[in-house]
Amino acid sequence: MKVFSSGCTFNYSWDEVSTANWRKYCPWNDKSTHVVGVDTLSRTVDPSTGILRTERLITCNQSVPQWVLSLLGGTNTSHVYEVSYVDPVAKKVTMCSTNLTWSNVLSVRETVVYRQSPIDPATTTEFTQEAKITALCGGWQKIKNKVEEASVDRFRENAKIGREGFETVLEMSRRVFGEQRELEKQRL
Amino acid sequence: MAASIAPECNDIKEKYDTCFLKWYSEKYLRGNTSSNDCEELFKKYKGCLNKVLKERGIDVMVEDARKSGSSETDAEFLKKS
């Protein structure tokens, strides 16, 4: 198993980040063109805690190295199953995702957390990401290591691109929400 | 908002997503967590989507993932903080 982890701070409130998070993969995010579909499978609010639980199916279309394709079988479309939990009291979002495609040979489990920063809770949000990648194919350790390393490399690249893309979405969301508020004020 | 995996569901999905985002930012985050303004739209969207997931065999993959992991994360993240 290999573990990839990263983290950063966004200079936006948790309310803004957790709202924008729902449209992370929208046309404003020109960095995530590999995500071709985001579908909501279920959504419930726990009546005793107020925690919002959402299941989503995320569909990606990204180029996979040829040697991986010949090893794992040939398709560039992959599906990810994600369960997320929004705790509105603790101001924390946790998103747990796992790969549906190639799941018999490779297990990728990612946990992403957005939480109100303890240092500056009103204006900043902390982001952490951890992925556990395990090659499941029987046989040579060498090949398993190679598959895991390639997956971690891809994860690292996507994490950086993902962060840049999300910054754009945050900026656009703030602008659009600001404009809406202005319009509403004028109407009053 | 992002597209649906099923192009025929895009219209209803967009209506639902818009409704949800409004509910989330204007009600849910302000403490009104029990309202469910978008239930009807979600039902229609799910009806459209589930057909496609079944046709493409994705429903089985999702069911497997549910079985193998989500009860663990539910136990950890659905509790009161």
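Tutor: Before we start, a helix here is a DSSP run of H or I with at least four residues, a strand is a run of E with at least two, and both are numbered from the N terminus. Also keep in mind that this is a predicted model.

Student: Thanks! With that in hand, what follows α2(B)?

Tutor: B:Gly57 comes after α2(B), and its phi is positive, near 75 degrees.

Student: And how far does α2(B) reach from its first C-alpha to its last?

Tutor: The span is 24 Å for 17 residues, close to the 24 Å expected at 1.5 Å a residue.

Student: Which residues of α2(B) are buried?

Tutor: They are B:Phe42, B:Tyr45, B:Lys46, B:Leu49 and B:Leu53. Looking down the axis of α2(B), you find these buried residues within an arc of 105 degrees, so they line one face of the helix.

Student: Why would residues three or four places apart point the same way?

Tutor: That comes from the α-helix itself: there are 3.6 residues a turn, so residues three or four places apart point the same way.

Student: What do the buried residues of α2(B) pack against?

Tutor: They pack against β2 (35-45) of chain A, together with α1 and α3 of chain B.

Student: And which exposed residues sit on the face turned away from the buried side of α2(B)?

Tutor: That face carries B:Glu40, B:Lys43, B:Gly47, B:Lys54 and B:Glu55.

Student: OK, zooming out to the two chains. How many residues of chain B are in contact with chain A?

Tutor: 25 residues of chain B are in contact with 35 residues of chain A. On the chain B side, the elements giving two or more residues are α1 (10-26), α2 (39-55) and α3 (58-77).

Student: Which of them gives the largest share?

Tutor: α3(B) does, with eight residues. The chain B side as a whole divides into 16 nonpolar residues, eight polar and one charged.

Student: Where does α3(B) lie on chain A?

Tutor: α3(B) lies across β2, β3, β4 and β5 of chain A, and runs at about 30 degrees to β4(A).

Student: Then tell me about chain A. How many helices and strands are there?

Tutor: Chain A has three helices and seven strands, and along the sequence they follow the pattern β-α-β-β-α-β-β-β-β-α. Its C-alpha atoms fill a box of roughly 70 × 35 × 30 Å along the principal axes. Of its 188 residues, 32% count as buried.

Student: In what order do the seven strands line up in the sheet?

Tutor: The order is β1-β7-β6-β5-β4-β3-β2 in an open sheet of chain A, with antiparallel pairing. β1 and β2 stand at the edges with a single partner strand each, so one side of each is left without a neighbour in the sheet. On average, neighbouring strands of this sheet are turned by 15 degrees against each other, direction ignored.

Student: I'd like to find some pairs on screen. How many bridges join β1 to β7 in chain A?

Tutor: Nine bridges join β1 (residues 2-10) to β7 (residues 125-135). For a landmark, A:Phe4 has A:Ala131 in β7(A) as its bridge partner. On to the next pair: β6 (residues 106-116) of chain A and β7(A) pair over 11 bridges, also in the antiparallel sense. There, A:Thr111 stands opposite A:Glu130.

Student: And what about β3 and β4 of chain A?

Tutor: β3 (residues 52-61) and β4(A) run antiparallel and are joined by 10 bridges. Here A:Arg56 has A:Glu82 as its bridge partner in β4(A).

Student: Staying in β4, is A:Ser84 buried or exposed?

Tutor: A:Ser84, in strand β4 of chain A, counts as buried because it has 22 C-beta neighbours inside 10 Å, and the cut-off is 20 or more. Leaving out residues up to four places away in sequence, A:Ser84 touches A:Thr54, A:Val93, A:Thr94 and A:Met95.

Student: How far apart are the C-alpha atoms of A:Ser84 and A:Glu55?

Tutor: They are separated by 6.5 Å, and the two residues are 29 apart along the chain.

Key:
Residues are numbered from 1 along each chain as its sequence is written. Chains are lettered from A and ligands numbered from 1 in the order in which they are written. This is a predicted model: local features need pLDDT of at least 70, side-chain atom pairs count only at pLDDT 80 or more; totals for chains, interfaces and linings use all residues. Two residues are in contact if their C-beta atoms, placed from the backbone, lie within 7 Å. Ala, Val, Leu, Ile, Met, Phe, Trp, Tyr, Cys and Pro count as nonpolar, Asp, Glu, Lys and Arg as charged, and the others, Gly among them, as polar. Two strands pair if DSSP finds at least two bridges between them. The expected span of a helix is 1.5 Å times one less than its number of residues. A residue is buried if 20 or more other C-beta atoms lie within 10 Å of its own, exposed if 12 or fewer, and partly exposed in between; C-beta atoms are placed from the backbone. The arc is that of the directions from the helix axis to the C-beta atoms. Axes are lines fitted to C-alpha atoms, for helices over the stretch in contact, and angles run from 0 to 180 degrees between N-to-C directions.
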